[in-house]
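Subject: Structure handover

Hello,

Here is the structure for you to look at. My notes on it follow below.

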Amino acid sequence: FFFGDSITQAGSKVEPLGWVLLLADAYLAVNRCAEVSNRGFAGYNTRWGLVVLPQLIKEHGPIAPCLATIFFGANDACREGARQHVPLAEYRKNLGEIIALMTKAWPQVTIILITPPPIDKEAWDAFKGQDGERCMESVGEYAGVCKGVAAETGCQCLDLFEEMGKLSDWKAMMMDGLHFNGRGNAVVHDLLKKLIDTKLPHLSSSKLPIHLPHHTDIDGESYMSVLQ
């Protein structure tokens, strides 16, 4: 269950190939061990996400997800006065309440918080044709709060702000200064997969049980005993 803003929504794009789609390839197409629900909403912040989450939980149905990501902050971190801006203290509070809603509805769910990635302000402003209302300093503050909430609540955290910022060519992984191109999506996928495989190995696509028997386990004559 992937919950977030446009960076999550665009994660299911085919061009450029998105990070959510890359994970779906492993979990669904290759290993048939889990369905993938992308609940990314372009332009949303934690304030709006918190309002719609109860509806999304209801729509998800009776089968709880084993894993959920919460990936907000890029819009919350807009400059003060901007339509999408959410103050830092409220952002912290909203993340906590989103986590609480998920764990109440899905007691066994494992949650990974993902910090907003670094912002290439020059490229984003050029893409928007005006001041894009974002800056690196502000995004870094929100990333730090996100990381702190994860620690306080016992959730895992993928610190994209730090991990991508370590890469000398991270700006080349953005298609507009904010959203990922193909290379950027591949990096996000690889970092998230590494976190799952090392810290949550029971949720790795190679460890979850396959949904329904593999065809090689089905006998041509006694198939009913295997499939029922």
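Does Leu22 count as buried, partly exposed or exposed? Because its relative accessibility is 22%, Leu22 counts as partly exposed; buried means under 20% relative accessible area, exposed over 50%, and partly exposed in between, with a 1.4 Å probe and protein chains only.

Before the rest, some conventions. This is a predicted model, in which local features need pLDDT of at least 70 and side-chain atom pairs count only at pLDDT 80 or more, while totals for chains, interfaces and linings use all residues. Residues are numbered from 1 along each chain as its sequence is written, and side-chain values use heavy atoms, with hydrogens and water left out.

Leu22 lies in helix α2; helices here are DSSP runs (H or I, at least four residues) numbered from the N terminus, and strands are runs of E of at least two. Not counting residues up to four places away in sequence, Leu22 touches Leu17, Asn185, Ala186 and His189, where contact means heavy atoms within 4.5 Å. Gly11 is 11 residues from Leu22 along the chain, and their C-alpha atoms are separated by 8.5 Å.

Two packed helices are described by the angle between their axes and the distance between the axes. For α2 (residues 19–30) and α8 (residues 182–199), the angle is about 45° and the axes are 8 Å apart. Axes are lines fitted to C-alpha atoms, for helices over the stretch in contact, and angles run from 0 to 180 degrees between N-to-C directions. The two helices are therefore oblique to each other; angles under 35 degrees count as roughly parallel, over 145 as roughly antiparallel, 65 to 115 as roughly perpendicular, and the rest as oblique.

The crossing of α2 past α8 is right-handed, that is, the near helix is turned clockwise from the far one by less than a right angle, with anticlockwise giving a left-handed crossing. On the α2 side the contact involves Trp19, Leu22, Leu23 and Tyr27, and on the α8 side Asn185, Ala186, Val188, His189, Leu192 and Ile196. Eight residues of this contact are nonpolar, two are polar and none is charged. In this scheme Ala, Val, Leu, Ile, Met, Phe, Trp, Tyr, Cys and Pro count as nonpolar, Asp, Glu, Lys and Arg as charged, and the others, Gly among them, as polar.

Leaving aside neighbours within four places in sequence, its partners include Phe2, Ile7, Thr69, Phe71 and Ile114. Trp19 is also one of the residues that touch the most other members of the largest nonpolar core, which has 61 residues; the others are Phe3, Ile70, Met102, Ile112 and Leu160. Such a core is a set of buried Ala, Val, Leu, Ile, Met, Phe, Trp, Tyr and Cys residues joined through side-chain atoms within 4.5 Å.

Pro16 lies in the loop between α1 (6–9) and α2. A cis peptide bond joins Glu15 to Pro16, with omega about -5°. Pro16 and Gly182 are 166 residues apart in sequence, yet 4.9 Å apart in space, C-alpha to C-alpha. Gly182 is in helix α8 and counts as partly exposed, at 34% relative accessibility.

The axes of α3 (residues 46–60) and α4 (residues 88–105) come within 9 Å and cross at roughly 10°. That makes α3 roughly parallel to α4. Residues in this contact include Leu50, Leu53 and Ile57 of α3 and Tyr91, Leu95 and Met102 of α4. By class, the contact has 10 nonpolar, two polar and three charged residues.

Val52 is found in α3 and, at 18% relative accessibility, counts as buried. Beyond four places in sequence, Val52 touches Phe3 and Tyr44.

The axes of α4 and α6 come within 10 Å and cross at roughly 35°. This crossing is right-handed. The contact includes Tyr91, Leu95 and Ile99 of α4 and Tyr142, Val145 and Val149 of α6.

Two positive phi values

Glu133, in the loop between α5 (121–128) and α6 (136–153), has a phi near 65°, a positive value in a residue other than glycine. Leu212 is not a glycine and has a positive phi of about 70°. Leu212 is found in the loop between α8 and α9 (223–227) and is exposed, with a relative accessible area of 52%.

Regards
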